[in-house]
Amino acid sequence: MEMWLDHTGADARGIHRKRAGPAAGDNALAIDLTPMLDVVMIMLIFFIVTGSFVRENAIEVERKPTTSNVSNEPSENIVIQISATNEIWIKGRRIDVRSVRANISRMKAEKPQAAVVIKAHNKSTVDVVATVVDSSREAGIYKVSLTSGN
């Protein structure tokens, strides 16, 4: 309760005083946060109710276990293997990145209908795989398949 004293009258003890400010109490400068908390809670409820939650649609693929046995039959495709350390192997030989296109061109001359199959290790980088794909396209082979494995 605020009480303003006026200079025209006397207080309870009969003393005349000039106009004073509000009576200083413990809660004179307190701010009531209850309305602000109500607004924040209403906004929180509004955003939770109106928010759209994204469901990720995914297809589970069951991969058959691969065998490590390599058949001795000649393949119709050009098989390029990329190891975990980003080494490129063609027909059991380690090939430099810069000579992949030349090797693919040579093998395409031997088998004109062949496609390129890239067997990339799970830990190989995308840069090396993309370089091999680009090299095969530069060599004129646009049928490129990618498989992954250990």
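Phe46 is partly exposed, with a relative accessible area of 48%; partly exposed covers the range between buried, under 20%, and exposed, over 50% (1.4 Å probe, protein chains only). Phe47 counts as exposed, because its relative accessibility is 52%. This is a predicted model, where local features need pLDDT of at least 70, side-chain atom pairs count only at pLDDT 80 or more, and totals for chains, interfaces and linings use all residues. Residues are numbered from 1 along each chain as its sequence is written, and side-chain values use heavy atoms, with hydrogens and water left out.

**Aromatic pair**

- The structure holds one aromatic pair.
- The rings of Phe46 and Phe47 have centres 5.4 Å apart and planes at 65°, so the pair is edge-to-face.
- Rings of Phe, Tyr and Trp (its six-membered ring) pair if their centres lie within 6.5 Å; planes under 30 degrees apart count as stacked, over 60 as edge-to-face and the rest as tilted.

**Overall make-up**

- The protein chain has three helices and five strands.
- Helices (H or I, at least four residues) and strands (E, at least two) are DSSP runs, numbered from the N terminus.
- Along the sequence, the pattern of the protein chain reads α-β-β-β-α-β-α-β.
- Of the 150 residues in the protein chain, 17% are buried.

- Five strands form an open sheet in the order 3-2-1-4-5, with mixed pairing.
- Strand 3 (93-95) and strand 5 (144-149) are the edge strands, and each pairs on one side only.
- Neighbouring strands of this sheet are turned by 30° against each other on average, direction ignored.
- Two strands pair if DSSP finds at least two bridges between them.
- Strands of a sheet pair through backbone hydrogen bonds, either parallel or antiparallel.

**Strand pairings**

- Strand 1 (residues 78-82) pairs with strand 2 (residues 88-90) in the antiparallel sense, over three bridges.
- Ile82 has Ile88 in strand 2 as its bridge partner.
- Strand 1 and strand 4 (residues 116-121) run parallel and are joined by five bridges.
- Val79 stands opposite Val117 in strand 4.
- Strand 4 and strand 5 also run parallel, joined by six bridges.
- Val117 has Ser145 in strand 5 as its bridge partner.
- Ala120 stands opposite Ser148 in strand 5.

**Helices**

- Strand 4, helix 3 (residues 126-138) and strand 5 make a right-handed β-α-β unit.
- A crossover is right-handed if, with the strands pointing away from the viewer, the path from the first strand over the helix to the second runs clockwise.
- Helix 2 (residues 100-110) packs against helix 3 at an angle of about 45°, with their axes 8 Å apart.
- Axes are lines fitted to C-alpha atoms, for helices over the stretch in contact, and angles run from 0 to 180 degrees between N-to-C directions.
- Helix 2 and helix 3 are therefore oblique to each other.
- Angles under 35 degrees count as roughly parallel, over 145 as roughly antiparallel, 65 to 115 as roughly perpendicular and the rest as oblique.
- Helix 2 passes helix 3 in a right-handed crossing.
- A crossing is left-handed if the near helix is turned anticlockwise from the far one by less than a right angle, and right-handed if clockwise.

**The loop at Ala84**

- Ala84 lies in the loop between strand 1 and strand 2.
- Ala84 is partly exposed, because its relative accessible area is 33%.
- Ala84 and Ser124 are 40 residues apart in sequence, and 4.7 Å apart in space, C-alpha to C-alpha.
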